[in-house]
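User: I am new to reading protein models, and I would like to understand the words used to describe them. Could we go through this one step by step, setting each value against its definition?

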Amino acid sequence: QVQLVESGGGLVQAGGSLRLSCTASGSRFSFTAMGWYRQGPGKQRELVAGITRGGSTNYADSLKGRFAISRDNAKNTVYLQMNSLKPEDTAVYYCVSGVTLQRTTTSPDYWGQGTQVTVSS
């Protein structure tokens, strides 16, 4: 079993920045890759980004340049730096993990409980 615990969400004005964190515990094999999804109000859940232990990444095309994913393997923690935030970035952000980057960014094995990010205009 894997537990994923997110933190760092909150309310921010448009143009501002936030950094989300997610710490994993449990079977290390099950968080070989980690990442983030989000679900905005009335929208489908969508991939934000994923990253492997070695640092290979995969981003949603629409978010490249504004969002950056990173991880600290020693802390089993993945981060999402979000810059130039827009009201349309308002969503619940979920930490995810899986045994491969491909799996994590298409059909993750594990999900966190989510953290709310609200961007005001």
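User: What share of the 121 residues in the protein chain is made up of buried residues?

Analyst: This is a predicted model, in which local features need pLDDT of at least 70 and side-chain atom pairs count only at pLDDT 80 or more, while totals for chains, interfaces and linings use all residues. Residues are numbered from 1 along each chain as its sequence is written, and side-chain values use heavy atoms, with hydrogens and water left out. Buried residues make up 47% of the 121 residues in the protein chain, where buried means under 20% relative accessible area, exposed means over 50%, and partly exposed covers what lies in between (1.4 Å probe, protein chains only).

User: How do you know that the radius of gyration agrees with a compact globule?

Analyst: The radius is taken over C-alpha atoms, and the globule rule is 2.2 Å times the number of residues to the power 0.38. For 121 residues a compact globule would come out near 14 Å, and the protein chain has 13 Å, so the value agrees. Along its principal axes, the C-alpha trace spans about 40 × 25 × 25 Å.

User: Which helices and strands does the protein chain have, and in what order do the elements run?

Analyst: The protein chain has 1 helix and 11 strands, and from the N terminus on the order is β-β-β-β-β-β-β-β-β-α-β-β. These elements are DSSP runs numbered from the N terminus, with helices (H or I) needing at least four residues and strands (E) at least two.

User: What makes Y37 and W111 an aromatic pair that is tilted?

Analyst: Rings of Phe, Tyr and Trp (its six-membered ring) pair if their centres lie within 6.5 Å, and planes under 30 degrees apart count as stacked, over 60 as edge-to-face and the rest as tilted. By this rule the count comes to 2 aromatic pairs. Y37 and W111 have their centres 5.1 Å apart and 55° between the planes, which makes the pair tilted. This pair links distant parts of the chain, with Y37 in strand β4 (residues 33–39) and W111 in strand β10 (residues 110–111), 74 residues apart.

User: Why is Y37 called buried, but W111 partly exposed?

Analyst: Y37 has 7% relative accessibility and therefore counts as buried, whereas W111, at 34%, counts as partly exposed.

User: Why is the pair of Y94 and W111 called edge-to-face?

Analyst: The ring centres of Y94 and W111 are 5.9 Å apart and their planes stand at 75°, so the pair is edge-to-face. Because Y94 lies in strand β9 (residues 91–98) and W111 in strand β10, the pair ties together parts that are 17 residues apart in sequence. Y94 is buried, with a relative accessible area of 13%, and Y37, Y94 and W111 form one aromatic cluster.

User: How do you know that the charged end of R45 sits over the ring of W111?

Analyst: A charge sits over a ring if NZ of Lys or CZ of Arg is within 6 Å of the ring centre and within 35 degrees of the ring normal. The charged end of R45 is 4.6 Å from the centre of the W111 ring, over which it sits. R45 also lies over the face of Y94, at 4.3 Å from the ring centre.

User: Which residues touch the most other members of the largest nonpolar core?

Analyst: They are W36, L80, M82 and Y93, in a core of 27 residues. A nonpolar core is a set of buried Ala, Val, Leu, Ile, Met, Phe, Trp, Tyr and Cys residues joined through side-chain atoms within 4.5 Å. Among the elements that give two or more residues to this core are β1 (2–7), β5 (46–52) and β11 (115–120), while β3 gives the most, with 4 residues. Leaving aside neighbours within four places in sequence, the residues in contact (heavy atoms within 4.5 Å) with L80 include L18, W36, V48, F67 and Y93.
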